[in-house]
Amino acid sequence: MDVVSDTISAMRLGRPSFDRVGMSGSWCVRMAPYDGAGFAVILKGGCWLLPDGGPPVSLHVGDAVLLPHGAGHVLADSPADAAAIDAAPTLDQWFAAAGTRSRPAHGDTEVLCGKYQLDSSRIHPLMAEMPKVVHLRNQMGSHLELRAAIDLLAVELGQGRPGFGIALPNLLDLLLVYLIRSWIAADTGGVWPRVLSDPVTATALRALHSDPAAPWTNDCLAAVASVSRPTLARRFTTLVGRPPMAYLTWWRLTLAATLLRDTPDTLATIAGRVGYGSPYALSHAFEREFGITPGRYRARAAGRSDLTADPRPTSERRQNKVRSAIR
């Protein structure tokens with residue numbers, strides 16, 4: 001796979017959860033911090049996003065926002081003062097106070113909001129570098145893939161057409177990919193947009209991610225990138241922040257953690273898949289990196305209650321007495 005795909009696959013837990021809500025009049029609701037990435041897409045009208053500890057962001061129809069680190073924030077019809085922000089109710093509290101049993105999907109402003117559950121214990125440096133709020137404006141000719149995904153989501157939402165149970169969560173996965181791609185393409189001076197645009201480093205990363213179990217050496221990787229070993233080492237280390245083989249070791253162990261979490265494969269099988277010669281060698285390296293044995297890591301992951309998510313809208317799950325996905 002590639003860096004962005006692997007970054008998402010390694011961190012993601014279950015499927016994204018979401019709500020489509022409609023608001024009218026004066027309103028202000030809070031989204032609490034969470035272990036994952038939040039998102040909001042303005043389907044109709046406009047509103048303000050007020051991130052905790054950050055400047056207000058004006059949102060208009062077609063705009064998309066990604067909060068890669070799950071920052072708490074408030075959505076409101078207008079910039080609110082500090083007292084109003086502190087007192088802002090959650091969506092559940094707002095609609096309970098209004099005597100509404102389910103979230104209305106229509107109003108002067110309509111927002112698709114939700115979250116991707118992510119394992120922040122193994123965050124890739126690409127995601128770690130992203131700002132607290134990524135705001136992608138709906139501008140003519142920009143972010144065409146993202147615009148197409150938003151249009152498809154708007155069509156699917158609330159339709160209940162055959163196959164929507166597969167279409168919606170997969171469109172939300174595409175939304176995350178396109179949001180990250182759009183941030184990379186914007187190249188706001190971050191490290192990883194430069195990493196992925198540098199031909200030598202990008203080629204080396206593609207090679208490592210496409211076959212992490214291969215017996216890579218600096219010489220082999222330099223040959224793939226068509227540069228000398230010193231050139232590869234200098235450019236890769238300068239941009240990525242660690243030498244090629246150190247990055248490979250880190251990625252192999254991150255991939256091993258993902259396989260322990262998501263598959264029933266034996267440690268010997270996983271060791272072979274990630275480039276270790278024996279289960280003992282993998283176990284030793286894994287404990288050194290994560291401070292826990294592979295067996296205990298797998299047991300802890302198996303005990304988590306949030307590894308899967310119902311793809312239906314939160315309001316529909318509430319009607320079926322399932323816990324709301326957005327608090």
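Me: What links Phe236, Tyr247, Trp250 and Trp251 into a cluster?

Reply: In this predicted model, ring pairs link these residues, namely Phe236, Tyr247, Trp250 and Trp251. A search of the whole structure finds 7 aromatic pairs. One of the aromatic pairs is formed by phenylalanine 286 and phenylalanine 290.

Me: Why is the pair of phenylalanine 286 and phenylalanine 290 called tilted?

Reply: A pair of aromatic rings is described by the distance of the centres and the angle of the planes. The centres of phenylalanine 286 and phenylalanine 290 lie 4.7 Å apart, and the limit for a pair is 6.5 Å. The planes make an angle of 45 degrees. Stacked requires under 30 degrees and edge-to-face over 60, so the pair is tilted.

Me: How many residues apart are phenylalanine 286 and phenylalanine 290 in helix H13?

Reply: They are 4 residues apart in H13, which spans residues 279-290, and therefore about one helical turn separates them.

Me: How do you know whether phenylalanine 286 and phenylalanine 290 are buried or partly exposed?

Reply: Buried means under 20% relative accessible area. Phenylalanine 286 has 0% relative accessibility, so phenylalanine 286 counts as buried. Phenylalanine 290 has 24% and therefore counts as partly exposed, as exposed would require over 50%.

Me: What makes phenylalanine 290 and tyrosine 297 an aromatic pair, and of which kind?

Reply: Their centres are 6.2 Å apart, which is within 6.5 Å.

Me: What makes E1 and E9 edge strands?

Reply: The sheet concerned is an open one of 5 strands, in the order E1-E8-E3-E6-E9, and its pairing is antiparallel. Strand E1 (17-23) and strand E9 (134-136) each pair on one side only, and they are the edge strands. From one strand to the next, the twist averages 15 degrees.

Me: How do you know that E8 pairs with E3 and with E1?

Reply: A pair of strands requires at least two bridges. Strand E3 (residues 36-44) is joined to strand E8 (residues 109-117) by 8 bridges, and E1 is joined to E8 by 7 bridges. Both numbers meet the requirement, so E8 pairs with E3 and with E1. E8 runs antiparallel to E3 and also to E1. Opposite glycine 36 stands glutamine 117 in E8, while lysine 115 in E8 stands opposite serine 17.

Me: Why is E8 called mostly covered?

Reply: In E8, 9 of its 9 residues are buried. Thr109, Val111, Cys113, Lys115 and Gln117 point one way from E8, whereas Glu110, Leu112, Gly114 and Tyr116 point the other way, and all are buried. In a regular strand the side chains alternate between the two faces of the sheet.

Me: What makes E4 and E7 a pair of strands in the other sheet?

Reply: An open sheet of 4 strands has the order E2-E7-E4-E5, with antiparallel pairing. Its edge strands are E2 (28-31) and E5 (57-60), each of which pairs on one side only. Strand E4 (residues 46-51) and strand E7 (residues 73-76) are joined by 4 bridges; at least two are required, so the strands pair. Histidine 73 in E7 is the bridge partner of proline 51.

Conventions. Residues are numbered from 1 along each chain as its sequence is written. This is a predicted model: local features need pLDDT of at least 70, side-chain atom pairs count only at pLDDT 80 or more; totals for chains, interfaces and linings use all residues. Side-chain values use heavy atoms; hydrogens and water are left out. Rings of Phe, Tyr and Trp (its six-membered ring) pair if their centres lie within 6.5 Å; planes under 30 degrees apart count as stacked, over 60 as edge-to-face and the rest as tilted. Buried means under 20% relative accessible area, exposed over 50%, partly exposed in between (1.4 Å probe, protein chains only). Axes are lines fitted to C-alpha atoms, for helices over the stretch in contact, and angles run from 0 to 180 degrees between N-to-C directions.
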